Amino acid sequence: PEKLARACDSKTKAIILNYPSNPTGVSYSRPELEKLNRVLRKYGVTVITDEVYSELTYKGDHISYPTLPGAKNNTIYVNGFSKANAMTGWRVGYACGPREIISAMTKIHQYTILCAPIISQMAACEAMQNGGRELGSMKKEYMRRREFIVSGLKEAGLECGNPLGAFYVFPSIKSTGLKSLEFANRLLKEEKVAVVPGEAFGRPYDDYIRISYATGYDNLKEAAERIKRFVSRTEGEK
């Protein structure tokens, strides 16, 4: 909240708040969100809140930003079906917000994009009406994969936090002496494991890589072994 307050001034119009987040899996508690909310209300900042990973929260309940005191009328809530309903590629999402903002968005939208495919809309309806049981099972499986990959990375000698949501881990690679792009390229060429270099998310994250655990458990087991082998080899090069 203190850093946010220092960054806001009379020219600040909007902020994008994404949680649980990509790439770290970090999320926010109600007290944390309330502190942020007080700052943003003070400066009259519109909050564009991307909560597409909301259903994949592993610790406690997800607190949706528009439910905070006084936040509803100053929030554009964005969500979709790609993550929680495994519909990546179907391209169905939605936005909720004040009538005047949604009306202006609709005017722009209708002249730039036709509509979401009918098949995708039907699938989204099915997911909303009957997808609860499958979502619960998928969430449990993601938690199992999360515990495995975090443990595997630590065993390989990489520092790694435990994500609170989504399906990514963001381990530090400082111990290898490599920067993220070199690490990612070499890991791909030498061990055939694909990760995202941290620098893709900004220069401060050049000592990190992003790993998605939205893949098969056996694939994760194999990847963990290959990463461990690679890290051991790079540390031996020092």
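Helices (H or I, at least four residues) and strands (E, at least two) are DSSP runs, numbered from the N terminus. Before going on: this is a predicted model, where local features need pLDDT of at least 70 and side-chain atom pairs count only at pLDDT 80 or more, while totals for chains, interfaces and linings use all residues. Residues are numbered from 1 along each chain as its sequence is written, and side-chain values use heavy atoms, with hydrogens and water left out.

Back to that largest pocket. Its volume is about 390 Å³. A pocket here is an open set of points on a 1 Å grid over the protein atoms alone, with protein on both sides within 12 Å along at least five of seven lines; a cavity is a set where a 1.4 Å probe fits but cannot get out, and lining residues have an atom within 4 Å of a point. Of the 14 lining residues, Gly93, Tyr94, Ala95, Met105 and His109 are the closest to the centre. H3 gives the most, four residues. By class, the lining has nine nonpolar, four polar and one charged, with Ala, Val, Leu, Ile, Met, Phe, Trp, Tyr, Cys and Pro as nonpolar, Asp, Glu, Lys and Arg as charged, and the others, Gly among them, as polar.

The second largest pocket comes in at about 330 Å³.

How many cavities of 30 Å³ or more does a search of the whole structure find? One. About 40 Å³ of space lies in the largest cavity, and helix H2 (residues 30–42) supplies the largest share of its lining, three residues.

Now the rings. There are 13 aromatic pairs, meaning Phe, Tyr or Trp (six-membered) ring centres within 6.5 Å, with planes under 30 degrees apart called stacked, over 60 edge-to-face and the rest tilted. Tyr142 and Phe167 make a tilted one, 5.3 Å centre to centre with 40° between the planes. Tyr142 is in helix H5 (residues 132–155) and Phe167 in the loop between H5 and strand E5 (168–169), so to speak a link between distant parts of the chain, 25 residues apart. Ring pairs also join Tyr53, Tyr142, Phe167, Tyr168 and Tyr213 into a cluster.

Note on methods:
Grid points are joined across faces, edges and corners, and a volume is the space filled by probe spheres set on the points.
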